[in-house]
Amino acid sequence: IRARCGCGHLHSIITLPENASQNMTYNDLMMSVQEKTMQLEQQQAKYFLAQQQLQQVHQQKENNKQLSNQNDQLRDEISKLHHQIQELKRGNIDLERTRNEAEFHKNATKQNEKTIKLFKDRFNKLAKEK
């Protein structure tokens with residue numbers, strides 16, 4: 001007796017046992033049919049399980065590919081952000097330097113104003129004494 005399995009191939013599912021004789025009873029033949037049927041069902045179950053596992057492997061490969069692409073994109077974004085941070089740090093250093101220079105000039109201007117006032121006061125004092 002032959003039958004098609006889940007993958008579509010034609011298989012012999014029932015063959016007479018080697019020790020079969022012409023005296024086999026109907027019950028003996030039915031027992032052999034039941035054994036072969038159970039074996040075929042087990043093989044089909046293994047085939048379908050293997051097919052599911054293969055689909056899962058393919059799906060996992062696709063997921064890994066997508067994750068790899070996302071990782072690449074995130075790595076690029078991190079690199080861009082790192083460059084932006086470096087530029088901001090440079091800008092902050094320049095800003096700090098400019099602020100320090102402005103503070104220095106402000107202090108120098110105050111000192112110059114004090115010196116000018118001192119000279120004016122002395123000049124006025126000398127002018128009053130003459």
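Select Phe-48 to begin: this residue is partly exposed, with a relative accessible area of 40%. The term belongs to a scale on which buried means under 20% relative accessible area, exposed means over 50%, and partly exposed covers what lies in between, computed with a 1.4 Å probe on protein chains only. The model is a predicted one, in which local features need pLDDT of at least 70 and side-chain atom pairs count only at pLDDT 80 or more, while totals for chains, interfaces and linings use all residues. Residues are numbered from 1 along each chain as its sequence is written, and side-chain values use heavy atoms, with hydrogens and water left out.

**The aromatic pair**

Rings of Phe, Tyr and Trp (its six-membered ring) pair if their centres lie within 6.5 Å; planes under 30 degrees apart count as stacked, over 60 as edge-to-face and the rest as tilted. By this rule there is one aromatic pair. The ring centres of Tyr-47 and Phe-48 are 5.5 Å apart and their planes stand at 65 degrees, so the arrangement is edge-to-face.

Next, display the charged side chains. A salt bridge here is a side-chain nitrogen of Lys or Arg within 4 Å of a carboxyl oxygen of Asp or Glu. The count comes to five salt bridges; three of them are stops on this tour, starting with Asp-72 and Arg-75.

Select Asp-72 and Arg-75, whose closest N and O atoms are 3.0 Å apart. Both residues lie in helix H1 (residues 26-129), three residues apart, about one turn of the helix. Helices are DSSP runs (H or I, at least four residues), numbered from the N terminus. Arg-75 is exposed at 52% relative accessibility, whereas Asp-72 is partly exposed at 36%.

Move on to Asp-94 and Arg-97, a salt bridge with its closest N and O atoms 3.1 Å apart. These two also belong to helix H1 and are three residues apart, about one turn. Asp-94 is partly exposed at 41% relative accessibility, and Arg-97 is partly exposed at 45%.

Finally, select Glu-96 and Arg-99. Their salt bridge has its closest N and O atoms 2.7 Å apart, and both residues lie in helix H1 with a spacing of three residues, about one turn of the helix. Glu-96 is partly exposed, with a relative accessible area of 35%, while Arg-99 counts as exposed at 51%.
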